[in-house]
Amino acid sequence: GTLTYSTCTINACENEDMVKFILSEFPSMNLEPISADLPGLPGLAGRGLSDEECRMIRRFDPCAEGDTMGFFLAKFTKSQID
């Protein structure tokens with residue numbers, strides 16, 4: 001299945017840190033890239049995610065284009081564990 005994790009905050013503790021937690025605690029969960037057509041910024045560096053993982057998630061800063069108060073988006077799929 002697919003899980004979309006989203007928040008209405010730009011707080012890294014609720015965003016990048018939770019993505020890192022999900023990936024480390026639930027080995028069946030895989031981070032999936034979000035379409036490059038979707039605007040937004042990559043995830044914050046220095047929160048335990050690789051550069052590649054940061055490019056797979058999107059944050060929407062209130063100061064950037066998109067008219068948002070702050071938003072975060074990550075997409076996961078669950079793989080079978082034998």
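1. The largest nonpolar core is made up of twelve residues, namely Tyr5, Val19, Ile22, Met29, Leu31, Leu49, Cys54, Met56, Ile57, Phe72, Ala74 and Phe76. A nonpolar core here is a set of buried Ala, Val, Leu, Ile, Met, Phe, Trp, Tyr and Cys residues joined through side-chain atoms within 4.5 Å, and buried means under 20% relative accessible area, exposed over 50%, and partly exposed in between, with a 1.4 Å probe and protein chains only. Two or more residues of this core come from each of H1, strand E2 (29-32), helix H2 (51-56) and strand E4 (71-78), and E4 gives the largest share, three residues. Helices (H or I, at least four residues) and strands (E, at least two) are DSSP runs, numbered from the N terminus.

2. Please keep in mind that this is a predicted model, in which local features need pLDDT of at least 70 and side-chain atom pairs count only at pLDDT 80 or more, whereas totals for chains, interfaces and linings use all residues. Residues are numbered from 1 along each chain as its sequence is written, and side-chain values use heavy atoms, with hydrogens and water left out.

3. Phenylalanine 76, a residue of strand E4, counts as buried because its relative accessibility is 0%. Leaving aside neighbours within four places in sequence, phenylalanine 76 is in contact (heavy atoms within 4.5 Å) with a list of residues that includes Gly1, Tyr5, Val19, Ile22, Met29 and Leu31.

4. Which residues of H1 are buried? They are Glu16, Val19 and Ile22, and they lie on the same side of H1, because they cover an arc of only 125° around the axis, where the arc is that of the directions from the helix axis to the C-beta atoms. Among the elements that cover these buried residues of H1 are E2, E3 and E4.

5. There are two salt bridges, a salt bridge being a side-chain nitrogen of Lys or Arg within 4 Å of a carboxyl oxygen of Asp or Glu. In one of them glutamate 16 pairs with arginine 59, and the closest N and O atoms are 2.6 Å apart. Since glutamate 16 belongs to helix H1 and arginine 59 to strand E3 (residues 58-60), the pair ties together parts that are 43 residues apart in sequence. Glutamate 16 is buried at 0% relative accessibility, and arginine 59 is buried with a relative accessible area of 8%.

6. Aspartate 17 and arginine 47 also meet through their side chains in a salt bridge, at 2.6 Å from N to O. Aspartate 17 is in helix H1 and arginine 47 in the loop between E2 and H2, so this pair ties together parts that are 30 residues apart in sequence. Aspartate 17 counts as partly exposed at 24% relative accessibility, and arginine 47 counts as partly exposed at 30%.

7. On the surface, Met18, Phe21 and Phe26 form a nonpolar patch with about 270 Å² of accessible area together. Patches are made of residues with over 30% relative accessible area and no salt bridge, like charges being joined within 9 Å and nonpolar side chains (Val, Leu, Ile, Met, Phe, Trp, Tyr) within 5 Å; accessible areas come from the Shrake-Rupley method with a 1.4 Å probe, and for residues only the protein chains shown count as cover. Methionine 18 lies in helix H1 (residues 16-25) and is partly exposed at 32% relative accessibility.
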